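Please look through the sequence and the three-dimensional structure shown here, and keep both in view while reading the report that follows.

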Amino acid sequence: MAHSNGAAATATATAAGDGETAPVPRSLAPARKVALITGITGQDGSYLTELLLSKGYEVHGLIRRSSNFNTQRLDHIYHDPHAVPSSPRPPMRLHYADLSDSSSLRRALDAISPDEVYNLAAQSHVAVSFEIPDYTADVTATGALRLLEAVRLSRKPIRYYQAGSSEMFGSTPPPQSEDTPFHPRSPYAAAKVAAHWYTVNYREAYGIFACNGVLFNHESPRRGENFVTRKITRAVGRIKVGLQTKVFLGNLSAARDWGFAGDYVEAMWLMLQQDQPADYVVATEESHTVEEFLQAAFGYAGLNWKDHVVIDKKYFRPAEVDSLKGDSTKARRVLKWKPKVGFQQLVEMMVDHDIELAKKEKVLVDAGYRDPKQQP
């Protein structure tokens, strides 16, 4: 997928310089909470950034060095200080660091001095974790440990959020709550379990305000295109405008508890605003199969999914997770949180976005700037 040299990409070079994390002059800014987000360029990171900025936070994000810009989800947020030289410093800044590099994490925390740290970064694709298990464990599990250690050694108390996953429950029957035993069925899920217990251990051993959010599947138009929900809605858009005819999928009977990512980041923030740290399951408490998602997405666009879906065994997992359905009673009671976007509304939101995206693609195809066979 091509990457444009967008505004947030420029922010990366401007904010991070030549890989150095410059100290932030605290005396120049009004007193306001400072948040640090790992995985800020992802779906959750972008929604969380929007939420925190709306609440008056100063937000800093850690990004990995890459030859390709991957900051598209932040382009609409970034404020270029060069555009208005007299304006105050931007409320959102990016810094180079990596969860595989302890020293970069320590430098970032020292320079930024955050009040809250949200660890959203991970190698988060379940199927890919079977292909690169060592890397998945190093970033998703040990990376969380490195960040917790940096938080422990920081000069000021920091509230820490660890992003968990419903995949940690694996083959344990639903409904799954905070008291449900974990039984991970992938390297990704096993790594998330390790990160979860590292967080509990640092909370109990060192008194850190550390919370685990065990979030069930959450989607949006910003979801990565290699995740099944977005793969489906992208296919719907492209099929609708004539750019493709088939989409290749795996297990259609897998059931998941799907919610809207924009709702779920609010639960993350609420966890760190409580008097005491704790762990919470965040879910809609509804479960739908991949086939049901297909019916909803294709049906909304006036298409029959059976005319376009081909089952390809290469998309089946070595160890499948059959059914996930969360019990978010604790989050609803303690955090006063509940989802605002329902399943059908979520599907329609994603399909509408991807039909518009496909129309733009078609313009490029018709003008000869893109190969029509090139699928996302």
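## A buried leucine and the sheet

Leucine 294 has 0% relative accessibility and therefore counts as buried, a word that stands for under 20% relative accessible area, with exposed meaning over 50% and partly exposed in between (1.4 Å probe, protein chains only). The model is predicted, so local features need pLDDT of at least 70 and side-chain atom pairs count only at pLDDT 80 or more, while totals for chains, interfaces and linings use all residues. Residues are numbered from 1 along each chain as its sequence is written, and side-chain values use heavy atoms, with hydrogens and water left out.

Leucine 294 lies in helix α9 (residues 290-300); helices (H or I, at least four residues) and strands (E, at least two) are DSSP runs, numbered from the N terminus. Setting aside residues up to four places away in sequence, leucine 294 touches Ile232, Leu249, Leu252, Gly299, Trp305 and Val309, where contact means heavy atoms within 4.5 Å. Leucine 294 and tryptophan 305 are 11 residues apart in sequence, and their C-alpha atoms are 6.2 Å apart in space.

An open sheet is formed by 7 strands in the order β3-β2-β1-β4-β5-β6-β11, with parallel pairing; two strands pair if DSSP finds at least two bridges between them. The edge strands, each pairing on one side only, are β3 (92-96) and β11 (280-282). Strands of a sheet pair through backbone hydrogen bonds, either parallel or antiparallel.

| Strands | Bridges | Sense |
|---|---|---|
| β1 and β4 | 4 bridges | parallel |
| β4 and β5 | 4 bridges | parallel |
| β6 and β11 | 3 bridges | parallel |

Within β4, glutamate 116 is the bridge partner of alanine 35, and glutamate 116 also stands opposite arginine 159 in β5. Glu116 and Tyr118 point one way from β4, whereas Val117 and Asn119 point the other way, and all are buried. In the pairing of β6 with β11, leucine 215 stands opposite valine 282.

Helix α5 (residues 133-152) has 20 residues, which at 1.5 Å a residue should span 28 Å, and because its end C-alpha atoms are 27 Å apart, the two values agree; the expected span is 1.5 Å times one less than the number of residues. The buried residues of α5 include Thr136, Val139 and Leu147, and what covers the buried residues of α5 includes β1, β4 and β5 (159-165).
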